[in-house]
Amino acid sequence: MPVEEVPVDRPDVPDFELVVISPENEGVAVSYSPAGDAIALCTDGALRIHGRQAEFELGRGDAVYMTADEAPLTFSGAGTAFLAAARR
C-alpha cells in the first residue's frame, strides 16, 4: 500500500503540534511520527491506525491515546482525524 506524508501545523508554542489526517485516496495510507505522546480524534468516517505495537480502529467521535513508542503511525481508511502530540 503506498504511503503519503502529512502536513504538520506547529503553533508558535513549544508544547504541542496538531496534524489533520485525511487519507484521500482508497488504498493509500498516510504515515506520521509524532514528536511525543499523542491523542487522535476521528471526526469523520472511519480510520485504522497501525502503530509499532498496536492497531486501533476509530469511527466518528472515537479517540485514542498513543505513547511515543507507537511511532511511526500509519493511517488508512476513509475518514478524518485530528492528532495532537506533545513536543519534546
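Visitor: In β6, which residue is the bridge partner of R48?

Guide: The bridge partner of R48 in β6 is E57. This is a predicted model, in which local features need pLDDT of at least 70 and side-chain atom pairs count only at pLDDT 80 or more, while totals for chains, interfaces and linings use all residues. Residues are numbered from 1 along each chain as its sequence is written, and side-chain values use heavy atoms, with hydrogens and water left out.

Strands here are DSSP runs of E with at least two residues, numbered from the N terminus. Two of them pair if DSSP finds at least two bridges between them. β5 and β6 are antiparallel and share five bridges, and a hairpin of four residues connects β5 to β6. β5 also runs antiparallel to β8, with 12 bridges; there, G45 is opposite G79. With β7, β5 forms four antiparallel bridges, and L41 has A63 as its partner.

M66 is in β7. The C-alpha atoms of M66 and A38 are 5.2 Å apart, although 28 residues separate the two in sequence. Contact means heavy atoms within 4.5 Å. Beyond four places in sequence, the residues that M66 touches include A40, I49 and L83. With the same exclusion, the contacts of A40 include I49, V64 and M66.
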